[in-house]
Amino acid sequence: MIKNYFKTAWRNLLKNKTFSFINISGLSIGIAAFLLIVHYLRFEYSFDTFNANKDRIYRVPMVISETNGKPQTFAFTFPAVAPAMKKDFPEIEEIVRFRKRWGVVQHEDQKIVENGMVYYVDPNVFNVFSFPFEKGDPANAFKQLNDAVITHSTAQKYFGNENPVGKLLRYDHEDYKVTAVLEDVPANSHLQFHILLNYNKYIQLTGGSADKSWTWSDFYTYLLLKPGTDAAALQKKMPAFAERYMGALMKTAGYNVSFNLQPLKDIHTKSDYDYEMAGSGNLSYLKYLGIAALFILLIALINYVNLSTAHSLERSKEVGVRKVVGASKQQLVRQFLAETFLVNMMAIVLGIVFFKLSLPFFARLINQDAAAMQTTNLFFWVGIIALFVVSTLVAGFYPAFVLSSFRPVQTLKSAAGVATIKDRAFFRKSLVILQYSIAIILIGGAIGFYKQLKFMSSRDLGINIDQTLVLQQTVDLDSSKTALVEKTINDLQQIPGVEYVTVSSDVPGGEVGSSEGFRLLSSNDDKRCRTFGIDEFFIPHFGLSIVAGRNFDKDKPFTNDSTQPVSIIVNETAVKVFGFAKPAEAVNQVLKASNGSTCKIVGVMNDYHQQSLRYNYDPVIYYPNRHLDMANFSLKLKTNNIEQVMERAKQTWSAAFPQSPLQYFFLDEFFNRQYKDDQLFSTVLWWFTVLAIIIANLGLLGLSLYSIAKRTKEIGIRKVLGANVAQITALVTKDYIKLMLYAGLIAIPVAYLLLQNWLKDYAFHISIGLWFFFLPLLLIMFVAFVTVVYQAIKAASSNPVKSLRTE
């Protein structure tokens with residue numbers, strides 16, 4: 001009997017090739033798109049799950065709250081937090097610190113800049129994290145102060161095919177011996193590094209500050225809880241812990257510090273702390289992509305249900321005959337479910353093929369390693385089976401029960417049969433409205449994201465970053481190098497095509513790397529501000545303006561000397577934070593820094609976008625410091641011969657800093673990299689929106705083909721009675737246009753709310769105007785009209801004699 005079910009199902013598929021093609025292709029495309037998105041989401045949510053103790057690992061971030069000020073979040077904390085927590089809380093099994101470092105690593109004559117990929121870590125790091133060893137072992141990795149552990153790729157880079165264990169790497173004037181080699185860090189780890197150094201060595205280099213300081217931050221701290229520990233209960237002890245060790249300091253400085261416990265599994269997708277180790281995933285984007293995946297699959301399943309129920313008129317007499325000769329309703333349901341099973345099986349197989357073929361392209365599109373996303377483990381195949389079962393039941397049950405419920409007497413009488421089938425038209429139209437509502441929501445979202453990206457890329461930043469080449473210093477400079485830096489600036493200035501040179505501690509395009517507490521002499525409340533070192537050329541050369549006071553002019557560099565005030569410039573946001581009504585009121589005011597320095601405001605600079613438009617303006621203190629921590633040499637170019645400028649700049653740099661390989665970038669590209677995730681999401685959303693439209697229109701094409709085929713004689717009669725092509729085309733298309741309008745009424749408010757919710761993530765964003773209400777609807781109506789009108793014109797242009805000759 002089962003064999004007969006499938007044999008009959010196969011014959012029906014072959015008999016109706018067009019409808020079979022539309023059903024199978026629509027489902028397979030929908031399944032492939034669904035699998036691509038789900039595979040990507042699985043990769044994003046798999047971050048750090050390779051760690052054996054992942055459920056017991058927590059990070060210790062902190063939040064600093066000022067009186068009447070905005071709380072500032074930090075993914076790191078103070079170095080003294082780790083030993084204090086280990087001493088105070090027996091619930092903690094292990095605790096480990098990571099201190100990120102930059103600079104040149106050297107092996108023999110080879111020098112490589114390892115920016116942000118070198119970390120000092122506590123020796124017990126491998127008791128917490130599960131990084132597999134290729135050579136060496138955890139117990140002996142950090143026996144000595146100058147021990148180093150490197151990854152496989154790093155070993156290849158420095159030592160080729162030689163065994164690196166026992167060999168030396170030189171970093172920051174110290175030699176470190178390689179004791180172990182790790183496998184490359186998995187792509188789904190938020191901790192990414194090339195070289196690990198012994199943290200105890202860093203404690204020695206800093207004179208103990210890296211172990212005892214409660215004011216120096218930038219130390220990422222992770223703890224491993226003992227089995228059975230209640231993390232929530234430990235979190236409740238954090239306020240008392242902060243008060244115990246920092247109470248006096250917080251009272252004096254006028255701010256509050258709170259320490260949190262953040263689960264390891266939440267860091268990549270849910271973290272909203274500043275100063276993350278690496279870019280984290282955007283949970284909102286992941287949720288929207290998940291919704292898009294379900295939408296696309298739902299559209300594909302609706303296609304099947306719609307086409308099957310629409311095709312039921314043609315099958316009604318078959319059902320009537322089967323019932324007359326003794327077929328039961330259960331047998332008919334099994335017959336039609338067998339057809340759905342066969343269609344879904346073919347669609348699943350084709351969908352997996354499409355998925356496998358498109359995965360490398362999709363991986364490149366989202367800037368992920370294709371190999372890392374290629375894994376098809378047990379989870380994948382269980383998911384495929386679940387998808388197959390669900391899609392078969394969802395797509396098959398309604399058509400099966402509709403077809404099997406026809407009464408033989410009605411189905412064998414044409415008029416009654418037609419009336420019965422027409423009763424199902426409302427449900428089919430409702431499904432079409434649902435399909436296109438989903439498509440309009442996706443189109444509205446895609447257009448909204450595009451508009452926001454265009455707004456961010458075209459908005460005036462308040463600073464001129466065009467044609468700016470930035471050379472980055474990778475070694476520490478001291479006062480003995482003052483003359484060398486001055487000479488380098490002058491030499492760079494002499495290069496043809498270089499308009500001017502300015503040096504600074506930071507450049508636009510990312511978080512300012514340091515912050516400090518400042519307060520007015522009349523106040524005890526510290527206001528935490530970003531601190532930014534610039535020279536006297538930074539403001540004019542970047543097109544910034546002084547709105548009150550003056551610019552620097554060879555002012556004394558920033559020091560901890562509290563007897564001589566240091567000249568500083570503040571931005572307009574800092575003026576508001578300190579409570580001044582106008583910028584002019586801030587000029588000549590004196591601030592006290594938490595490090596003991598006394599600062600005098602000599603000028604107020606206009607606000608500009610230091611970071612992405614996702615973030616609001618931060619209060620910034622600009623201090624004069626031409627040499628000690630100026631890592632960025634910004635060259636404003638006025639030439640078309642970039643290659644010549646680069647060659648001369650490399651020669652000048654190599655002569656001045658032979659120990660520092662040249663690192664450079666163009667500032668506009670550096671700034672725009674902040675929008676990489678936004679651009680990526682917009683691109684992915686557009687691709688899948690197009691797929692959703694294609695799938696929906698495949699269904700609409702099938703319905704229109706069927707509808708026109710059933711109205712062939714009606715169209716013939718209307719033509720005989722004098723109807724022209726335009727009238728018949730309008731007759732056929734108007735019903736579908738109505739459905740699009742109904743879909744728009746449902747979808748546009750939903751899309752509006754979703755877009756408004758997303759735009760809340762941006763401090764600066766577009767306003768949603770009338771365009772939003774009309775553009776998605778007009779676009780989907782145009783696509784639907786094109787889909788239907790060709791078939792309508794073809795039917796209206798046919799010879800009525802052919803359609804009426806059988807009557």
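## Strands β5, β6 and β10

In strand β6, Lys111 is the bridge partner of Gln106. This pairing, like every feature reported here, is taken from a predicted model. Strand β5 (residues 104–107) and strand β6 (residues 110–113) are antiparallel and share four bridges. The two strands form a hairpin with two residues between them, and within this hairpin Glu108 adopts a positive phi near 55 degrees.

Strand β5 also pairs with β10, again in the antiparallel sense, over two bridges. Gln106 has Arg170 as its bridge partner in β10, while Val105 stands opposite Tyr171 of that strand.

Strand β11 (residues 174–182) runs antiparallel to β10, and four bridges join the two. Leu168 stands opposite Lys177 in β11. The hairpin formed by β10 and β11 has two residues between its strands, and Asp172 takes a positive phi near 50 degrees there.

## Aromatic pairs

The model contains 46 aromatic pairs. One of them joins Tyr40 and Phe362, whose ring centres are 6.3 Å apart; the planes meet at 85 degrees, so the pair is classed as edge-to-face. This pair connects distant parts of the chain, with Tyr40 in helix α2 (residues 17–45) and Phe362 in helix α13 (residues 329–365), 322 residues apart. Tyr40 has a relative accessible area of 10% and is buried. Phe362 also counts as buried, at 4% relative accessibility.

A further edge-to-face pair is formed by Phe449 and Trp758, with 4.0 Å from centre to centre and 90 degrees between the planes. Here too, distant parts of the chain are linked: Phe449 belongs to helix α18 (residues 425–458) and Trp758 to helix α27 (residues 725–759), at a separation of 309 residues. Phe449 is buried because its relative accessible area, 6%, falls under the 20% cut-off. Trp758 is buried as well, with a relative accessibility of 3%. Elsewhere, ring pairs connect Phe50, Phe98, Tyr119, Phe129, Phe131, Phe193 and Tyr222 into a cluster.

Asp607 lies in the loop between β23 (598–605) and β24 (620–624). Asp607 is buried but has no salt bridge. The nearest side chain of opposite charge is that of Lys576, 5.0 Å away; a salt bridge requires a separation within 4 Å, so Lys576 does not qualify as a partner.

The side chain of Asp607 does make a polar contact, at 3.2 Å, with the side chain of Asn571. Apart from neighbours within four places in sequence, the residues in contact with Asp607 are Asn571, Glu572, Thr573 and Tyr617.

Key:
Residues are numbered from 1 along each chain as its sequence is written. This is a predicted model: local features need pLDDT of at least 70, side-chain atom pairs count only at pLDDT 80 or more; totals for chains, interfaces and linings use all residues. Side-chain values use heavy atoms; hydrogens and water are left out. Buried means under 20% relative accessible area, exposed over 50%, partly exposed in between (1.4 Å probe, protein chains only). Lys and Arg count as positive and Asp and Glu as negative; His and the chain ends are not counted. A polar contact is a pair of N or O atoms within 3.5 Å; within protein, one must be able to donate a hydrogen and the other to accept it, and residues adjacent in sequence count only if both atoms are side-chain atoms. Contact means heavy atoms within 4.5 Å. Two strands pair if DSSP finds at least two bridges between them. Rings of Phe, Tyr and Trp (its six-membered ring) pair if their centres lie within 6.5 Å; planes under 30 degrees apart count as stacked, over 60 as edge-to-face and the rest as tilted.
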